Amino acid sequence: MSIDALLETPSLGPNDYASNQEVRWCPGCGDYAILAQMKKTLAGLGLPREKTVFVSGIGCSSRFPYYMNTYGVHGIHGRAPAIATGLKIARPDLSVWVITGDGDGLSIGTNHLIHAIRRNVDINIILFNNRIYGLTKGQYSPTTPLGHPTKSNPYGSLDNPLYALSLAVGCEATFVARGIDVHQKHLGMVLERAAAHKGASFVEIYQNCVVFYDGAWDYATDRDTKFETILELEHGKPLIFGKNRDKGIRFVGIEPQIVSLGNGVSESDLIIHNEKAEQPTLAYFLSRMHHPEFPEPIGVFRDVSRPTFDELMDARHRELVSKRGGPRDLDQLFHEGETWTVEDHQAAQPPE
Amino acid sequence: MNSFSPIRASSQENTVLMRERGEVVQQQSVASSSVKAGVELREATVRFAGDSGDGMQLAGTQLTTASAAAGNDVVTLPDFPAEIRAPRGTKAGVSGFQVHFAGRRIYTPGDKIDALVAMNPAALATNVGDLARGGLLIVDSNSFVKREWEKAGYAANPLDDPALSQFRIIPVEITELTRAAVKDLGLTTKEADRCRNFFAMGLVYWIFDRPLDPTLRFIAAKFGKRPAIAEANRRVLMAGYHYGETTEAVHQRYVVRPAELPPGTYRSLSGNQALAWGLMAASRLSNCDLVYAGYPITPASDILHELAMRWDYGVKTFQAEDEISAVAAAVGAAFGGKMGVTASSGPGISLKAEGLGLAVMLELPLIAVNVQRAGPSTGLPTKTEQADLLQALFGRHGECPLPVLAPQSPADNFEIAVEAWRIAVRYMTPVMILSDGYLANGAEPWRIRDLSEYQPIPVRHPDPDTQDFLPYRRDERLARPWAVPGTPNLMHRIGGLEKQVDTGTVSYDGANHQKMVQLRAQKVAGISKEYPPQPVIGPERGKVLFVSWGGTFGAVRSAVQELLETGYEVAHTHLRYLNPLPDDLGDILSRYERIVVPELNLGQLAVLLQAKYLRPVRSVSKVMGRPFNVEDLVEAGRQAVEED
């Protein structure tokens, strides 16, 4: 559904999107920043609250729907994309958001995540990645770095981590983006772009868990280092980063290479970001740039247009129903094929 | 003398033919009149058996339609292997389809078969044990060659086995005759051989005086785009029919008169189709869209197939990535204000358990269908069983009650689907339907229903002006309101966490939890107040009462009727509502000394009845992947009456 159709209500402020529930995340949790930004984004878009549904699974992030004054379903572990798919099939008119985490979305619920993305269901999937299980108190997740000790792997994780955006790109995603909880303005832009995209929007947010993995994203959020470790993507612009915007990324063969600008290296040598590229190759390439070897890209990796699942389904439905001028009469169906009639013998007898 | 050369029917054999139970109601003078005049039978059971590629399911389906069109009551039992194409000619690859047709009401696919068509030695080996003494045994003699009978595990040609002399063997060169019938049509040998089933059908149609028209129309419709194949099938069908008429191979025809069914227009309907149509009917009656989410699994997939063809009737179907996704999508659809339906079989229902728990907690209408098959685990995936009853009732974590209904015959799936829908929206609850492989794949004549025969199913979504809306405020049936997204002012959040009474906000309070657990239980327990009276046949009180549920209805009802006819005073009550049980069941049980509970499991309803009513019951169990034989239940009934 186009966002424009939803933008008819009088303007609401971010607070109008807050539910009456007390927010119960730990003090200092990155989720607060995301919640604040979400309310602001929805208010900015003027999304009618009654047309908006937040669906989640299980985990700290999955408490999110309770705190939004919209419709909401707090589902079961990992299944939010499936619940959202059913909801969207039933009600293509709604704006549906899935809130998930690295355990909920990338471990127990990966199957649903993969298929919601590849079907291009018109939903916005926001994955809070804190690289740890928070609600269950500190076990390693599929994004915990190798060797990192946790309660369930005290001598260091042996599980090779996976990267959410590489997975999403591999699932034929039409919209892939990354934000960081404390980069408020940038995060707002990312959420707004996700909402505007028609189809499955997949957003990974680096989110800090203050209790079980505090500092997991310090390299990306630290005032002193973030300019060297983060690269803000802009469509049509070269990949430039650094405090003085004096470094860039260029191709060497099919590998990225960091170069300093000047000394014969100019912006024209750098990779130009193209979020509209038909092939997902560049988006995948960007999703493979990891700290500390490379600055990690944030922003919109990929934003291409493809028919959405619910739109296709609705169109097929309308076409089949309207071809016959409305839903067919069941009586016709029941009488298709071989039928026979048993006469009412008693009725045929003359009355006495 | 070699008694195994083709045996011609003698008049003496005719007197014992078909049933030895005295069901030959009229015996024509075989000796005096044309040998081909029809002997009238009350009923007959025919089974087609062949390799899974031999088209036996098609043959059975067509015989069903033809018999229904002849006005008979019909009950069928398809029986197919788990492998799509097991090695040709092996016993593992044998596929069968049994059709029981009668000039009166019947309830089972028949215990013993009166006529067996065996397309190869493996089909003979796996099916001949069910053939009644004196029954017809039609074999494709071309396939009884050394290589084939060796594959079926025979040391010698089974047609030479003296043990077969108890049957009337009709060896027919079906393969050769089929090839000859189509030889100028330019078909390959493989294509020609694919028509063999039509020869067998033609011969059976002739023997049992079945109308050809429905099958001729089927051929024209199905193969219309391939005229050569259509013509080949038509010719082979006719060749089989004429073979009976003109050759000396078969000496006797049989007539089964139309049954006295309630007046109306009828059609043949299989269980899964009936379920799908019942859901569509309920959707119309409630003016509420049907969103079906399923994942392929035998024997439930046909529900998905049937509904997937029906988008032009307003249905939406979704093939999910797994069973969990399917139930979750149904929950999502229900939250959106549509009826979410999912169906599966045992293994899939196990996977859906958590999702069903969520639906119970969210108190949303949803229908989950379990087409039971023999388990545990993959078990016998194409065979029937009733062993998921206690799973349906108790197979979720926490106190997690939901209503459970079970159809009693293939066509009863239609009524049960409508009833499940009505309960789901009236009580805001997921409902489970317990079908089974037999009920799903079996077919019977169905009097075509007019929707005006049903009460409408009112569905109410609160409007935006609702005063003091609370998502868990309950009505007189303890149902909460079904407020749907898109309604201004009623925004609310629901989830799997325990909720505060009325407000639905998250609550960790123990006393509140106790109250909510009890409210959910009371809500479901109260549904039985609206049931019709539980029907009982036989004496109102006395010594023996049969209690059955689900797909065993037919066998139990037939056995009880036979017992009553032979002077055994037994009663029968059949449960279509398994949770909650009918309010009057306790009183019914108390009126009989002995309670017999036949089930295709190790006694699950028996456990339930004993626990709830503190009455000892006799469990009659069978877990062989097949329905009960009437005979077994008659014997169980006799014993229960006669024992002290």
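Mentor: Start with the word "pair": two strands pair if DSSP finds at least two bridges between them. Helices (H or I, at least four residues) and strands (E, at least two) are DSSP runs, numbered from the N terminus. The model is predicted, with local features needing pLDDT of at least 70 and side-chain atom pairs counting only at pLDDT 80 or more, while totals for chains, interfaces and linings use all residues. Residues are numbered from 1 along each chain as its sequence is written, and chains are lettered from A and ligands numbered from 1 in the order in which they are written.

Now the sheet. In chain B, 5 strands form an open sheet in the order S18-S20-S19-S22-S23, with mixed pairing. The edges are S18 (536-537) and S23 (618-621) of chain B; each has a single partner strand, so one side of each is left without a neighbour in the sheet.

S18(B) pairs with S20(B), residues 570-575, through 2 bridges, and the sense is antiparallel. Here B:Val536 faces B:Thr573 in S20(B), standing opposite it.

Next comes S19(B). How many of the 8 residues of S19(B) are buried? The cut-offs come first: a residue is buried if 20 or more other C-beta atoms lie within 10 Å of its own, exposed if 12 or fewer, and partly exposed in between, with C-beta atoms placed from the backbone. By that count 6 of the 8 residues of S19(B) are buried, so the strand is largely enclosed by the rest of the structure. S19(B) runs parallel to S20(B), joined by 6 bridges. One pair there is B:Ser548 with B:His574 of S20(B). S19(B) also runs parallel to S22(B), with 4 bridges between them. B:Phe546 stands opposite B:Val596 in S22(B).

Helices lie over this sheet. For the angles, axes are lines fitted to C-alpha atoms, for helices over the stretch in contact, and angles run from 0 to 180 degrees between N-to-C directions. Contact means that the C-beta atoms of two residues, placed from the backbone, lie within 7 Å. H18(B), residues 553-565, lies across S18, S19 (542-549), S20 and S22 (592-599) of chain B, at about 165° to S20(B). H21(B), residues 630-642, lies across S19, S20, S22 and S23 of chain B, at about 160° to S22(B).

A crossover is right-handed if, with the strands pointing away from the viewer, the path from the first strand over the helix to the second runs clockwise. S19(B), H18(B) and S20(B) form a right-handed β-α-β unit.

Step back to the domains. Their bounds come from an automatic or database domain assignment. For chain B it gives domain 1 (13-253), domain 2 (268-453) and domain 3 (536-642). Taken over C-alpha atoms, the centres of domain 1 and domain 3 of chain B are 35 Å apart. Between them, 6 residues of domain 1 of chain B are in contact with 9 residues of domain 3 of chain B. On that side of domain 1 of chain B, the residues are 4 nonpolar, 1 polar and 1 charged. Ala, Val, Leu, Ile, Met, Phe, Trp, Tyr, Cys and Pro count as nonpolar, Asp, Glu, Lys and Arg as charged, and the others, Gly among them, as polar.

Another strand of chain B is worth a stop. S15(B), residues 430-436, has 7 of its 7 residues buried. B:Pro430, B:Met432, B:Leu434 and B:Asp436 are buried on one side, and B:Val431, B:Ile433 and B:Ser435 on the other. S13(B), residues 366-372, pairs with S15(B) in the parallel sense over 7 bridges. There, B:Ala368 stands opposite B:Met432. S14(B), residues 404-405, is also parallel to S15(B), over 2 bridges. B:Leu405 stands opposite B:Ile433. From S14(B) the chain crosses through H15(B), residues 412-427, to S15(B), and this β-α-β crossover is right-handed.

Last, the partner chain. The contact takes 53 residues from chain A and 58 from chain B. On the chain A side, H2(A) gives the most, with 8 residues. That side has 22 nonpolar, 17 polar and 14 charged residues. Strands cross the boundary as well: S12(A) and S9(B), residues 264-270, run antiparallel and are joined by 4 bridges. A:Val342 has B:Gly264 as its bridge partner in S9(B).
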